[in-house]
Amino acid sequence: AETQPGVVSINTYPDTHADYVRESLKVNAHVFVEKPLATSVEEAESLVKLAKTYNKKLVIGYILRVHPAWTKFVEIAQTLGAPLVMRMNLNQQSFGDQWHTHKQLMKSMSPIVDCGVHYVDIMCLMTKSKPISVSAIGARLTDEISPKMYNYGQLQVRFENGSVGWYEAGWGPMMSETAFFVKDVIGPKGAVSIIDEAKGESQDIEGHTKTGCLKLHHSQLDANGDFKKKDEFLSTADEPNHDELCLLEQKYLLKSIINDIDLTAHMNDAINSLKIVLAADEAFKTGKLIEL
(Lines give C-alpha, C1' and ligand atoms only; values in the text may rest on other atoms or scores of the structure.)
Protein backbone atom coordinates (compact mmCIF):
# COMPACT_ATOMS: atom_id res chain seq x y z
CA ALA A 1 0.00 0.00 0.00
CA GLU A 2 2.85 2.40 0.81
CA THR A 3 5.31 1.63 -1.99
CA GLN A 4 2.97 0.30 -4.71
CA PRO A 5 5.63 -2.05 -6.16
CA GLY A 6 5.61 -3.26 -9.75
CA VAL A 7 7.22 -6.53 -8.68
CA VAL A 8 7.08 -8.46 -5.40
CA SER A 9 9.70 -11.06 -4.42
CA ILE A 10 8.47 -13.63 -1.90
CA ASN A 11 11.14 -15.61 -0.03
CA THR A 12 9.28 -16.62 3.13
CA TYR A 13 8.39 -19.99 4.67
CA PRO A 14 6.24 -22.14 2.32
CA ASP A 15 3.01 -21.93 4.30
CA THR A 16 2.88 -18.15 3.67
CA HIS A 17 3.60 -18.24 -0.08
CA ALA A 18 0.01 -18.51 -1.32
CA ASP A 19 -1.30 -15.60 0.76
CA TYR A 20 1.53 -13.28 -0.28
CA VAL A 21 1.27 -14.25 -3.96
CA ARG A 22 -2.49 -13.65 -3.90
CA GLU A 23 -2.17 -10.22 -2.28
CA SER A 24 0.68 -9.22 -4.62
CA LEU A 25 -1.28 -10.13 -7.75
CA LYS A 26 -4.33 -8.27 -6.46
CA VAL A 27 -2.33 -5.01 -6.25
CA ASN A 28 -1.28 -5.51 -9.89
CA ALA A 29 2.31 -6.62 -9.25
CA HIS A 30 4.36 -9.24 -11.04
CA VAL A 31 5.61 -11.96 -8.67
CA PHE A 32 8.71 -14.00 -7.99
CA VAL A 33 8.08 -16.65 -5.33
CA GLU A 34 10.42 -19.26 -3.92
CA LYS A 35 9.46 -22.89 -4.46
CA PRO A 36 7.08 -24.49 -3.72
CA LEU A 37 4.36 -22.19 -5.05
CA ALA A 38 1.92 -23.35 -2.36
CA THR A 39 1.34 -26.16 0.13
CA SER A 40 -1.50 -27.75 -1.86
CA VAL A 41 -2.14 -28.42 -5.54
CA GLU A 42 -5.54 -26.73 -5.39
CA GLU A 43 -4.00 -23.56 -3.96
CA ALA A 44 -1.22 -23.57 -6.57
CA GLU A 45 -3.77 -23.96 -9.38
CA SER A 46 -5.81 -21.06 -8.03
CA LEU A 47 -2.72 -18.81 -7.99
CA VAL A 48 -1.84 -19.67 -11.59
CA LYS A 49 -5.41 -18.90 -12.61
CA LEU A 50 -5.23 -15.58 -10.73
CA ALA A 51 -1.95 -14.62 -12.45
CA LYS A 52 -3.58 -15.22 -15.82
CA THR A 53 -6.68 -13.25 -14.79
CA TYR A 54 -4.57 -10.23 -13.80
CA ASN A 55 -2.21 -10.77 -16.77
CA LYS A 56 0.83 -10.75 -14.49
CA LYS A 57 4.05 -12.77 -14.60
CA LEU A 58 4.45 -15.42 -11.92
CA VAL A 59 7.94 -16.97 -11.74
CA ILE A 60 8.59 -19.79 -9.28
CA GLY A 61 12.13 -20.21 -7.93
CA TYR A 62 13.27 -23.37 -9.64
CA ILE A 63 16.93 -22.35 -9.45
CA LEU A 64 18.26 -25.45 -11.22
CA ARG A 65 16.44 -24.37 -14.39
CA VAL A 66 18.74 -21.36 -14.76
CA HIS A 67 21.88 -23.32 -13.83
CA PRO A 68 24.17 -23.83 -16.90
CA ALA A 69 25.63 -27.12 -15.61
CA TRP A 70 22.20 -28.54 -14.74
CA THR A 71 20.89 -27.47 -18.16
CA LYS A 72 23.74 -29.45 -19.73
CA PHE A 73 23.02 -32.35 -17.35
CA VAL A 74 19.41 -32.48 -18.58
CA GLU A 75 20.45 -32.19 -22.24
CA ILE A 76 22.91 -35.09 -21.97
CA ALA A 77 20.40 -37.24 -20.07
CA GLN A 78 17.97 -36.77 -22.96
CA THR A 79 20.54 -38.40 -25.33
CA LEU A 80 20.87 -41.62 -23.28
CA GLY A 81 17.73 -43.26 -24.67
CA ALA A 82 14.73 -44.55 -22.74
CA PRO A 83 13.87 -45.61 -20.16
CA LEU A 84 15.99 -43.55 -17.78
CA VAL A 85 16.97 -44.46 -14.22
CA MET A 86 17.39 -41.22 -12.23
CA ARG A 87 19.03 -41.29 -8.81
CA MET A 88 19.24 -38.08 -6.80
CA ASN A 89 19.54 -36.95 -3.22
CA LEU A 90 20.50 -33.99 -1.04
CA ASN A 91 20.85 -34.90 2.61
CA GLN A 92 21.86 -32.15 5.04
CA GLN A 93 23.63 -32.69 8.35
CA SER A 94 22.23 -29.44 9.70
CA PHE A 95 22.95 -27.84 13.06
CA GLY A 96 22.80 -24.40 14.64
CA ASP A 97 20.90 -21.79 12.65
CA GLN A 98 20.36 -24.15 9.70
CA TRP A 99 18.74 -26.81 11.91
CA HIS A 100 16.50 -24.08 13.34
CA THR A 101 15.49 -23.13 9.77
CA HIS A 102 14.81 -26.76 8.89
CA LYS A 103 12.60 -27.19 11.96
CA GLN A 104 10.63 -24.09 10.94
CA LEU A 105 10.22 -25.51 7.41
CA MET A 106 9.00 -28.82 8.82
CA LYS A 107 6.10 -27.06 10.51
CA SER A 108 4.49 -27.09 7.05
CA MET A 109 6.27 -29.74 4.94
CA SER A 110 8.80 -32.56 4.93
CA PRO A 111 12.25 -32.48 3.25
CA ILE A 112 11.08 -34.60 0.29
CA VAL A 113 8.33 -32.06 -0.40
CA ASP A 114 10.33 -28.87 0.14
CA CYS A 115 13.47 -30.00 -1.72
CA GLY A 116 11.86 -32.69 -3.85
CA VAL A 117 10.06 -30.26 -6.16
CA HIS A 118 13.43 -29.24 -7.64
CA TYR A 119 14.50 -32.74 -8.49
CA VAL A 120 11.24 -34.26 -9.72
CA ASP A 121 10.99 -31.17 -11.95
CA ILE A 122 14.40 -32.10 -13.38
CA MET A 123 13.27 -35.73 -13.81
CA CYS A 124 10.23 -34.59 -15.78
CA LEU A 125 12.46 -32.44 -18.01
CA MET A 126 14.82 -35.37 -18.60
CA THR A 127 12.20 -37.97 -19.45
CA LYS A 128 9.70 -35.72 -21.27
CA SER A 129 7.24 -38.36 -20.09
CA LYS A 130 4.14 -38.33 -17.92
CA PRO A 131 4.61 -39.43 -14.28
CA ILE A 132 2.10 -42.17 -13.48
CA SER A 133 2.68 -43.23 -9.86
CA VAL A 134 4.58 -42.35 -6.70
CA SER A 135 5.60 -44.30 -3.61
CA ALA A 136 7.67 -43.24 -0.61
CA ILE A 137 9.33 -44.26 2.62
CA GLY A 138 10.37 -42.06 5.52
CA ALA A 139 11.28 -41.83 9.19
CA ARG A 140 11.04 -39.39 12.10
CA LEU A 141 14.52 -39.29 13.60
CA THR A 142 14.06 -36.53 16.19
CA ASP A 143 11.66 -35.50 18.94
CA GLU A 144 12.21 -31.84 18.05
CA ILE A 145 9.51 -31.91 15.37
CA SER A 146 5.80 -32.71 15.36
CA PRO A 147 4.89 -36.40 15.80
CA LYS A 148 3.10 -36.10 12.45
CA MET A 149 6.23 -34.86 10.64
CA TYR A 150 9.29 -36.80 9.41
CA ASN A 151 12.77 -35.42 8.73
CA TYR A 152 13.96 -38.21 6.40
CA GLY A 153 12.24 -39.43 3.28
CA GLN A 154 12.74 -41.05 -0.10
CA LEU A 155 10.26 -40.91 -2.96
CA GLN A 156 10.10 -43.19 -5.98
CA VAL A 157 8.34 -42.04 -9.16
CA ARG A 158 7.42 -44.06 -12.26
CA PHE A 159 6.89 -42.59 -15.73
CA GLU A 160 4.75 -43.63 -18.67
CA ASN A 161 7.79 -44.50 -20.85
CA GLY A 162 9.20 -46.89 -18.26
CA SER A 163 11.59 -44.40 -16.68
CA VAL A 164 12.00 -44.47 -12.90
CA GLY A 165 13.54 -42.07 -10.42
CA TRP A 166 14.18 -41.73 -6.73
CA TYR A 167 14.92 -38.72 -4.60
CA GLU A 168 16.14 -38.80 -1.01
CA ALA A 169 16.31 -35.94 1.51
CA GLY A 170 17.01 -35.83 5.22
CA TRP A 171 17.61 -32.89 7.56
CA GLY A 172 19.14 -32.75 11.01
CA PRO A 173 22.23 -33.19 13.18
CA MET A 174 21.93 -36.97 12.97
CA MET A 175 22.26 -37.19 9.17
CA SER A 176 25.22 -38.97 7.58
CA GLU A 177 27.45 -37.06 5.17
CA THR A 178 28.44 -40.24 3.33
CA ALA A 179 26.97 -40.00 -0.17
CA PHE A 180 24.85 -36.97 0.70
CA PHE A 181 25.19 -35.64 -2.85
CA VAL A 182 24.08 -38.07 -5.58
CA LYS A 183 23.04 -36.81 -9.02
CA ASP A 184 23.15 -39.74 -11.43
CA VAL A 185 21.20 -40.73 -14.55
CA ILE A 186 21.43 -44.05 -16.40
CA GLY A 187 19.99 -44.91 -19.82
CA PRO A 188 20.49 -47.66 -22.43
CA LYS A 189 23.29 -45.65 -24.07
CA GLY A 190 25.23 -44.88 -20.90
CA ALA A 191 25.19 -42.65 -17.85
CA VAL A 192 25.79 -39.05 -16.84
CA SER A 193 26.62 -37.86 -13.35
CA ILE A 194 27.35 -34.63 -11.56
CA ILE A 195 30.67 -35.09 -9.81
CA ASP A 196 30.82 -33.01 -6.64
CA GLU A 197 34.58 -32.63 -6.31
CA ALA A 198 34.63 -30.01 -3.54
CA LYS A 199 32.43 -31.69 -0.94
CA GLY A 200 32.07 -29.36 2.02
CA GLU A 201 29.47 -29.46 4.78
CA SER A 202 26.16 -30.84 3.53
CA GLN A 203 24.27 -27.86 4.97
CA ASP A 204 26.43 -25.33 3.05
CA ILE A 205 24.03 -23.72 0.57
CA GLU A 206 26.81 -23.19 -2.00
CA GLY A 207 27.23 -26.96 -2.17
CA HIS A 208 23.57 -27.48 -3.04
CA THR A 209 24.07 -26.05 -6.54
CA LYS A 210 27.85 -26.41 -6.94
CA THR A 211 29.04 -28.98 -9.47
CA GLY A 212 32.62 -30.21 -9.89
CA CYS A 213 32.14 -31.53 -13.43
CA LEU A 214 29.87 -33.75 -15.50
CA LYS A 215 30.98 -37.33 -16.11
CA LEU A 216 29.59 -38.95 -19.27
CA HIS A 217 29.87 -42.73 -19.61
CA HIS A 218 29.17 -44.49 -22.94
CA SER A 219 27.78 -48.05 -22.86
CA GLN A 220 28.80 -49.21 -26.35
CA LEU A 221 31.11 -52.24 -26.45
CA ASP A 222 33.47 -53.33 -29.24
CA ALA A 223 33.91 -56.82 -30.70
CA ASN A 224 36.17 -57.76 -27.77
CA GLY A 225 33.60 -56.70 -25.21
CA ASP A 226 35.54 -53.60 -24.19
CA PHE A 227 34.17 -50.06 -24.09
CA LYS A 228 34.42 -48.25 -27.42
CA LYS A 229 34.77 -44.84 -25.79
CA LYS A 230 36.45 -43.63 -22.64
CA ASP A 231 34.45 -41.71 -20.07
CA GLU A 232 34.27 -37.98 -20.75
CA PHE A 233 34.68 -35.32 -18.09
CA LEU A 234 33.02 -32.00 -18.92
CA SER A 235 34.30 -29.07 -16.87
CA THR A 236 31.86 -26.77 -15.10
CA ALA A 237 34.57 -24.68 -13.46
CA ASP A 238 33.15 -21.38 -14.69
CA GLU A 239 29.65 -21.93 -13.30
CA PRO A 240 27.90 -19.18 -11.28
CA ASN A 241 27.77 -19.29 -7.47
CA HIS A 242 24.49 -19.36 -5.53
CA ASP A 243 23.98 -15.58 -5.46
CA GLU A 244 24.74 -15.36 -9.19
CA LEU A 245 22.17 -18.08 -9.83
CA CYS A 246 19.60 -16.08 -7.84
CA LEU A 247 20.44 -13.10 -10.06
CA LEU A 248 19.84 -15.26 -13.15
CA GLU A 249 16.38 -16.06 -11.78
CA GLN A 250 15.61 -12.36 -11.42
CA LYS A 251 16.93 -11.68 -14.94
CA TYR A 252 14.55 -14.35 -16.22
CA LEU A 253 11.67 -12.63 -14.43
CA LEU A 254 12.67 -9.25 -15.88
CA LYS A 255 12.98 -10.75 -19.37
CA SER A 256 9.54 -12.37 -19.07
CA ILE A 257 8.03 -8.99 -18.12
CA ILE A 258 9.80 -6.92 -20.80
CA ASN A 259 9.26 -9.45 -23.60
CA ASP A 260 5.84 -10.61 -22.37
CA ILE A 261 6.95 -14.26 -22.32
CA ASP A 262 4.15 -16.80 -21.95
CA LEU A 263 4.85 -18.54 -18.62
CA THR A 264 2.01 -21.06 -18.87
CA ALA A 265 4.38 -24.04 -19.24
CA HIS A 266 6.59 -22.75 -16.41
CA MET A 267 3.63 -22.43 -14.05
CA ASN A 268 2.11 -25.77 -15.07
CA ASP A 269 5.44 -27.51 -14.47
CA ALA A 270 5.53 -26.01 -10.98
CA ILE A 271 2.06 -27.45 -10.30
CA ASN A 272 3.08 -30.82 -11.74
CA SER A 273 6.20 -31.19 -9.57
CA LEU A 274 4.22 -30.10 -6.50
CA LYS A 275 1.58 -32.70 -7.32
CA ILE A 276 4.25 -35.43 -7.42
CA VAL A 277 5.93 -34.57 -4.10
CA LEU A 278 2.61 -34.13 -2.29
CA ALA A 279 1.58 -37.54 -3.64
CA ALA A 280 4.85 -38.88 -2.19
CA ASP A 281 3.94 -37.34 1.16
CA GLU A 282 0.56 -39.09 0.99
CA ALA A 283 2.27 -42.35 -0.01
CA PHE A 284 4.49 -42.18 3.09
CA LYS A 285 1.60 -41.41 5.42
CA THR A 286 -0.69 -44.12 4.01
CA GLY A 287 1.92 -46.71 3.10
CA LYS A 288 0.32 -47.04 -0.33
CA LEU A 289 1.31 -46.47 -3.96
CA ILE A 290 -0.33 -43.30 -5.25
CA GLU A 291 -1.56 -43.29 -8.84
CA LEU A 292 -1.25 -39.89 -10.52
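What share of the contacts in the protein with a separation of 6 or more is accounted for by residues 24 or more positions apart? In this predicted model, where local features need pLDDT of at least 70, side-chain atom pairs count only at pLDDT 80 or more, and totals for chains, interfaces and linings use all residues, such residues account for 70% of those contacts, a contact being defined by heavy atoms within 4.5 Å. Residues are numbered from 1 along each chain as its sequence is written, and side-chain values use heavy atoms, with hydrogens and water left out.

The secondary structure comprises nine helices and twelve strands, assigned as DSSP runs (helices H or I, at least four residues; strands E, at least two) and numbered from the N terminus. The radius of gyration of the protein, 20 Å, agrees with the value near 19 Å that a compact globule of 292 residues would have, where the radius is taken over C-alpha atoms and the globule rule is 2.2 Å times the number of residues to the power 0.38. Of the 292 residues, 49% count as buried, that is, under 20% relative accessible area with a 1.4 Å probe and protein chains only.

Four aromatic pairs are present in the structure. The ring centres of W70 and F73 lie 5.3 Å apart with their planes at 85°, so this pair is edge-to-face; rings of Phe, Tyr and Trp (its six-membered ring) pair if their centres lie within 6.5 Å, and planes over 60 degrees apart count as edge-to-face, under 30 as stacked and the rest as tilted. Both residues belong to helix α3 (residues 68–77), three residues apart, about one turn of the helix. W70 counts as buried at 1% relative accessibility, as does F73 at 0%, and W70, F73, Y119 and Y167 together form one aromatic cluster.

How values were computed. Buried < 20%, exposed > 50% of the residue type's maximum accessible area, 1.4 Å probe, protein only.
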